[in-house]
Structures are given as structure tokens and as C-alpha cells.
Amino acid sequence: MTTLEPQVPRGNALVPFRWDLLGFGLCRAWVTSLLAFSGNEIWGGGLSLSLQIVLYFAAALVAGALALASKPAALARMARREKPFALVSAGIGLLGMVCIILGKLDHVDALFLAGLVLAGSCGGYFETVWGSKFVNLSSDGIQVYTFFAMAVSSLFGIAAGFLPSTAFYLASTIMLGAMTALFLAQPFRTADKDAPLPENAAPMPDRPRPEAEASPSLPEPSVGQPAERQGRRALANLLLSCLLFSLIYNLIVTVAYDSLPSETASQIRFWANLLAALILLCTFLLVKPLSATTLFRLVLPITAVGFVLYLVSPSVLSEPALALSSMGRKFFDILTWILVAKAVQEFSLPPTRYFGLLVAGKNLGYAGGSLLATMALDALDAAVIQLATLVPILMLALIVCFFWLLPERTIDHLFNAAPSLVRQRARERTTAEAAEALASRFGLTPRETEVLVYMAKGRNLSVIAAKLTISKGTAHTHMIHIYQKLGVHQQQELIEMVERLRLQEDDPR
């Protein structure tokens with residue numbers, strides 16, 4: 001069970017804003033830039049589709065391995081070694097960039113291929129583990145920061161598309177370093193500057209506690225078994241839909257790109273990224289972010305209309321058609337990310353497992369689409385099938401996929417109708433009452449209890465001393481004793497501890 005980070009809505013933003021989550025957008029931008037670069041090599045340089053296939057498979061393999069290893073004991077070990085794992089993965093990604101650069105400059109295809117394998121492995125790891133940081137957000141935060149990260153990804157994708165080869169290598173390496181630094185960074189919080197920490201205190205990492213490390217004093221509530229089973233079933237349908245959507249989308253797009261000049265493919269990516277970034281930024285800054293249901297209703301029409309326009313006139317409408325379908329794919333990525341994060345949070349599921357399955361399914365779908373595209377291109381060249389026959393069949397399969405595996409009621413169940421833990425287990429209890437209950441549980445003195453109540457409300461040292469008419473030194477001593485008795489290291493941790501207790505049922509003991 002994760003700890004929801006308390007944030008205050010202000011307008012359409014959340015305060016304090018989590019700028020460290022910019023790293024997820026950089027992660028997506030880095031991977032998609034490499035895919036675009038390899039795509040240019042395929043369509044412009046005549047290289048094999050295996051360039052992208054190996055990148056997809058490498059990312060899927062690493063994400064799938066993380067999902068399979070997501071048992072409580074393994075999660076606890078990974079959480080304790082989060083920094084070494086991230087640094088090793090970043091090192092693999094950096095080695096991959098070196099191989100890509102050398103392979104390109106020296107015209108060694110095997111080295112270029114190896115570089116994409118290493119880069120794909122790094123991308124699969126980082127995209128999976130970013131999921132835990134999103135599950136740690138509030139419900140509103142999940143949507144806001146997903147839109148924010150995807151907009152950042154599109155903007156950086158636009159910028160990367162204008163860079164010459166040398167500048168692209170440099171920019172990609174910088175993005176890799178920046179996303180690693182942001183992943184390891186402490187979230188930028190509104191700190192209580194006047195409240196000192198105990199001398200031996202160390203800041204805690206911003207991540208959900210694995211089950212093995214959860215505090216025995218504050219048992220986490222569990223969702224009822226029927227609701228949890230329904231949630232898992234809905235998630236399974238969502239993940240399978242992601243795999244099939246990715247496969248069908250990449251099959252059609254790969255076949256379409258084969259008949260276009262490489263310059264046209266770059267223009268399509270530019271317009272798709274630009275339109276997506278503008279829409280996301282407008283919803284993020286000017287209006288309320290789109291709901292999951294609204295996104296669901298947009299994905300299929302936008303994608304299908306793009307494919308229909310391409311089918312009507314491949315020579316005239318190819319650019320707007322494929323740009324439109326690319327936007328549909330980006331909206332689908334946003335939808336699946338939000339829904340998985342929300343479902344994992346609602347049903348107290350291990351985030352590494354389900355984000356690993358999401359990343360693995362998406363990349364396996366893309367890889368499968370590329371493999372089927374090679375066979376479809378051979379069949380088209382041999383006049384065995386016609387494009388006018390292939391595309392409608394795939395569109396029909398896409399529609400069936402959506403309405404059979406992912407009907408709107410599944411979205412409603414995951415995002416709206418499912419009884420959330422907060423609604424299901426919450427008891428209306430003020431922060432002060434929760435703080436007093438916590439103080440009683442840990443044996444705090446009456447004065448320490450008063451100090452704890454003010455700390456739980458976010459008051460700093462000066463305010464607490466003034467409210468209780470005691471000196472700052474005395475207030476400081478009480479705060480240190482509270483930290484020691486509760487086993488926390490900073491005021492934000494204490495606030496989250498009180499908030500968890502406030503949202504739980506009464507302790508049956």
C-alpha cells in the first residue's frame with residue numbers, strides 16, 4: 001500500500017509541484033527519440049526492421065523480468081538498492097549510446113544493433129520503475145503529472161527531430177543523464193525550514209514502502225476480495241488491450257511508412273508531437289485535465305479516422321492521417337498509464353508487477369507489429385493482398401479489441417465506480433484526532449501530544465513555540481523526542497503517518 005502524498009489543488013495545478021517527475025517525460029522522450037532515429041535509418045538508409053524490433057524486445061524482456069520478480073522480498077531488496085540499480089541501468093544505457101554512435105560512425109551494423117539492445121533494456125527498466133512514483137501521488141496528481149510528462153515527452157521529441165546527428169547523440173546522452181538524476185532526486189517539497197531534524201536523521205526516499213517494510217504499528221487496510229478480483233480482471237483486460245492495440249497500430253503504421261519518403265516520416269512525427277503537446281499543455285494549463293473516460297472515447301475515433309484518411313488517399317492525405325493516428329496512440333499511452341496507476345493504488349497491488357506488465361505488453365505489441373509488417377509488405381509486393389483489404393481488416397480487429405476487451409464499463413470500474421480505499425475504509429476523523437490517537441499509541445506525553453498536533457498540521461518550530469507559549473529550545477526538544485518515538489526522520493514523514501491513520505478504520509484492538 002502506498003502513501004499518498006498530500007498536495008493542495010490550486011487552480012489546475014498541485015502545490016507543491018513535483019518537478020522531479022519531469023524525469024518520466026525525459027525517459028519517454030529519450031526512448032521515442034531513439035525509435036525515431038532507428039526509423040530514419042530503416043526508411044532512409046534501407047536497414048532492416050530488426051533495428052526497432054530488438055529495441056522493443058529488450059525493453060519488454062527487462063520490464064517482464066521486473067514484473068516476474070515483484071515478490072515482497074524481492075521488492076524490499078530492490079527498494080533498499082534503488083540507487084545502485086538505477087545507476088547500473090543508466091550505465092547500460094550510456095554504453096548503449098556509445099555503441100550506437102560508434103556503430104553509426106564506423107558503419108558497423110552489429111554494434112549499432114547492440115547499442116539499441118542496451119538502450120532498450122535501460123528504457124524498459126526506467127519506464128517500469130517510474131510507475132511507483134506515480135502510484136505515490138494523489139488521484140488528481142496521477143492525471144496531472146501523466147499529462148505533464150507526456151507533454152514534456154512530445155516537446156523534447158519535437159526538439160530532437162530538428163537536430164543533426166552529432167547534436168542528437170549529445171542531446172540523447174544529456175536526456176539519459178538528466179532522467180537518471182531526476183529519478184534519484186528527492187522530490188521538491190515545501191519544507192519546514194525552521195523544524196530541525198534529529199542529528200542522526202537521514203532523509204527518506206520518496207517511494208512506496210514495500211510490503212516487507214511496512215510499519216507493523218499501522219496495518220494497511222485491504223480491499224474486499226470480490227473488488228480486488230474484479231480489479232485484477234479489469235487490469236488483465238487493460239494490459240491485453242494494450243498489447244493488441246500496440247500490435248495493430250504498429251503493423252498499419254509500419255506498412256504505411258514503407259511507401260513514404262523518409263523526410264515525410266519525420267514531418268509526420270513532428271506534427272503528431274506538436275499537436276499532442278499543444279493539446280496536453282492546453283488541458284494541463286487552461287482547463288481541467290481530460291478524464292480517463294473522455295480519453296477512452298477519444299482514442300478509437302482519432303486512431304480510426306487517421307487510418308481511414310490514409311486508406312482514402314495515401315498519396316495526398318498520408319501526413320495528416322498518420323499524424324492523427326499517432327495522436328490516438330499517444331492518448332492511449334496516457335490512458336493506460338493513468339488507469340494502471342489508479343488501479344494499483346485503489347486495490348493495493350504491487351506497482352512494479354503491473355507497470356512491468358504494461359511496459360512489456362506495449363513493447364511486445366510493437367515488436368509483434370513490426371514482425372507482422374515484414375510479412376505484410378512481402379504479401380503486398382507479391383500482390384497476394386491489397387492495402388485496401390488489409391487496413392479495414394486491422395481496423396475491425398482494433399474495434400473488436402476495444403469493445404470486447406476494454407468496454408467503457410471497465411474504465412468506469414477502474415477509475416470511477418470501484419470503491420476506493422479512501423472511500424471504503426475512511427472514517428471521518430480530523431487531523432488533530434488522528435494525531436492524538438497516534439500519540440496515545442506511541443506513548444507521547446501530553447505536551448508532546450500538543451506539539452505533534454501542530455506538527456501534523458504543518459506548523460513550523462516558531463509557530464509551535466508561540467502557540468504553546470514555550471521557548472524554541474523547548475519546542476525543539478519535544479520535536480526531537482517525537483521523531484525518536486515515532487521512528488520518523490522529518491516532518492513530512494510524520495504528516496503522512498498521521499494522514500494514513502486518519503484515513504484508516506479504528507484499530508480493532
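On the α17 side, the contact is built from R447, E448, V451, L452 and M455; α19 brings in H478, M479, H481, I482, Y483, K485 and L486. Sorted by class, the contact of α17 with α19 comes out as seven nonpolar, two polar and three charged residues.

Now for the chain as a whole. There are 509 residues, and 54% of them are buried. Among contacts with a separation of 6 or more, 82% join residues 24 or more positions apart.

The mean pLDDT is 76, with 76% of residues at 70 or more. Over residues 188-224, though, the pLDDT is below 50, and the model still gives this stretch 87 contacts beyond near neighbours in sequence. Residues 417-429 also have pLDDT under 50, and here the model has 33 contacts beyond four places in sequence. Where pLDDT is low, the predicted coordinates should not be read in detail.

From α16, the residues involved are T431, A432, A435, E436 and A439, and they meet T449, L452, V453 and A456 of α17. Six nonpolar, two polar and one charged residue make up the contact of α16 with α17. L452 turns up here and again in the contact of α17 with α19.

Helix α16 has another partner in helix α20 (residues 491-502): the two axes come within 9 Å and cross at roughly 100°. With that angle, α16 and α20 are therefore roughly perpendicular to each other. The α16 residues in this contact are T431, A434, A435, A437, L438, R441 and F442, while α20 supplies M497, V498, L501 and R502. By class, the contact of α16 with α20 splits into eight nonpolar, one polar and two charged residues. T431 and A435 take part in this contact as well as in the one with α17.

Two single residues round out the picture. T469 belongs to the loop between α18 (461-468) and α19. Its phi is near 50°, a positive value in a residue other than glycine. Most residues other than glycine have a negative phi. Is T469 buried or exposed? With a relative accessibility of 69%, T469 counts as exposed, because the cut-off for that label is over 50%.

N363, in contrast, is found within helix α12 (residues 351-381). Its relative accessible area is 6%, and since buried means under 20%, N363 falls in that class. Which residues does N363 touch, leaving aside its neighbours within four places in sequence? Those in contact with N363 are Y56, A59 and A60.

Note on methods
Residues numbered from 1 in each chain as written. Predicted model: local features only at pLDDT ≥ 70, side-chain atom pairs only at ≥ 80, totals over all residues. Heavy atoms only, no water. pLDDT = per-residue confidence, 0-100. Contact = heavy atoms within 4.5 Å. Helix = DSSP H or I, 4+ residues; strand = E, 2+ residues; numbered from the N terminus. Nonpolar A, V, L, I, M, F, W, Y, C, P; charged D, E, K, R; others polar. Buried < 20%, exposed > 50% of the residue type's maximum accessible area, 1.4 Å probe, protein only. Axes fitted to C-alpha atoms, helices over the stretch in contact; angles between N-to-C directions. Parallel < 35°, antiparallel > 145°, perpendicular 65-115°, else oblique.
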